[in-house]
Amino acid sequence: MVKALIFDCDGVLADTERYGHLPAFNQTFAEFGLPVRWDEQEYGRKLAIGGGKERMASLLTPQFVAAAGLPPDPAGQAEAVAAWHRRKTELYTAMVAAGDLPARPGIARLTEQAHAAGWLLAVASTSAEPSVRAVLEHAVGPDRARDFTVLAGDIVPRKKPAPDIYLLALDRLGLAPHDAVVVEDSHNGLAAAVAAGIACVVTVNDYTADEDFTGAAFVVDSLGEPDAAPVTVLANDSPAAPGAYVTLADLEAVLAERDGR
């Protein structure tokens with residue numbers, strides 16, 4: 001039976017939000033002379049909004065539009081947001097290329113195990129595709145990255161927590177929901193996977209640790225590595241039994257339960 005391992009990008013492949021996206025947003029705001037800077041707390045609240053352009057667009061109150069000297073019409077404002085986002089993507093991609101955002105533990109290891117076992121590999125993210133590809137190549141290496149189906153950005157009309165991107169992933173991979181497992185880091189991502197009918201494992205980060213992960217197969221603080229401190233299992237509603245680090249056998253156990261075996 002063909003199986004698939006589908007990763008979210010930000011917060012899963014690498015700790016991108018605090019050390020990549022946030023400074024890239026703020027540098028963009030500074031370059032465009034916009035009267036806003038997000039601190040870590042404010043950016044944490046913005047993460048409830050799926051997509052970078054959408055987070056930027058949330059700034060467009062009448063007061064902000066007037067203070068920033070933006071066009072009064074929606075089309076003009078959309079053009080401005082698109083320009084901001086293009087520059088932000090350039091800045092962020094440069095950070096990734098410079099090696100400023102190390103991959104999270106276990107990503108390359110699980111990818112290699114899944115590939116060796118014949119699993120299909122994919123990334124499903126609401127971030128811009130150039131950003132996603134840059135993070136993926138840094139996390140698993142450019143050669144292995146070529147084995148991934150990458151679905152990112154505005155490829156679907158509704159972003160997470162809507163299930164659209166995961167439904168598209170299943171369609172592109174030619175699989176049923178019970179043939180795949182998703183690795184996510186946020187409530188929105190989990191909700192999207194669950195709504196698509198796909199089992200979801202959650203690996204939290206500093207921004208998402210306190211979110212509600214009801215419905216996850218299991219929740220850990222990291223996927224872990226054999227030579228590192230043991231992972232902490234925060235919740236487990238599956239037959240998997242993660243030990244010091246998450247293994248492909250743990251993911252297979254999740255799928256076996258979904259398959260009724």
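Student: How many of the 10 residues of helix α9 are buried?
Tutor: First, the words: helices (H or I, at least four residues) and strands (E, at least two) are DSSP runs, numbered from the N terminus. Buried means under 20% relative accessible area, exposed means over 50%, and partly exposed is in between, using a 1.4 Å probe and protein chains only. α9 is largely enclosed by the rest of the structure, because the buried count among its 10 residues is seven.

Student: What kind of model is this?
Tutor: Residues are numbered from 1 along each chain as its sequence is written, and side-chain values use heavy atoms, with hydrogens and water left out. Local features need pLDDT of at least 70, side-chain atom pairs count only at pLDDT 80 or more, and totals for chains, interfaces and linings use all residues, as this is a predicted model.

Student: Is Lys160 buried or exposed?
Tutor: Lys160 sits in the loop between β3 (148–152) and α9 (164–173). With 9% relative accessibility, Lys160 counts as buried.

Student: Which side chain makes a polar contact of 2.7 Å with the side chain of Lys160?
Tutor: A polar contact is a pair of N or O atoms within 3.5 Å; within protein, one must be able to donate a hydrogen and the other to accept it, and residues adjacent in sequence count only if both atoms are side-chain atoms. A polar atom of the Lys160 side chain is 3.0 Å from the backbone oxygen of Ala124. Lys160 also touches residues including Asp8, Tyr166 and Asn188. The side chain at 2.7 Å is that of Glu184.

Student: Is the peptide bond from Lys160 to Pro161 cis or trans?
Tutor: Most peptide bonds are trans. Pro161 is in the loop between β3 and α9. Its bond from Lys160 has omega near 20°, and that bond is cis.

Student: How far apart are the C-alpha atoms of Ala68 and Ala192?
Tutor: Ala68 belongs to helix α4 (residues 62–68). Leaving out residues up to four places away in sequence, Ala68 touches Leu34 and Pro35. Ala192 is 124 residues away along the chain, and the C-alpha separation is 35 Å.

Student: Is Glu90 buried or partly exposed?
Tutor: Glu90 is in helix α5. Its C-alpha is 9.7 Å from that of Thr28, 62 residues apart in sequence. At 48% relative accessibility, Glu90 counts as partly exposed.

Student: Is Ala98 buried or exposed?
Tutor: Look in the loop between α5 (74–97) and α6 for Ala98. Ala98 has 56% relative accessibility, so it counts as exposed.

Student: Let's zoom out. What radius of gyration does the protein have?
Tutor: The protein has 11 helices and seven strands, and its C-alpha trace spans about 60 × 35 × 35 Å along the principal axes. The radius of gyration is taken over C-alpha atoms, and the globule rule is 2.2 Å times the number of residues to the power 0.38. For 261 residues, a compact globule would come out near 18 Å, which agrees with the protein's 19 Å.

Student: What share of the 261 residues counts as buried?
Tutor: Contacts first: of those between residues at least 6 apart in sequence, 63% join residues at least 24 apart. As for the buried share of the 261 residues, it's 54%.

Key:
Contact means heavy atoms within 4.5 Å.
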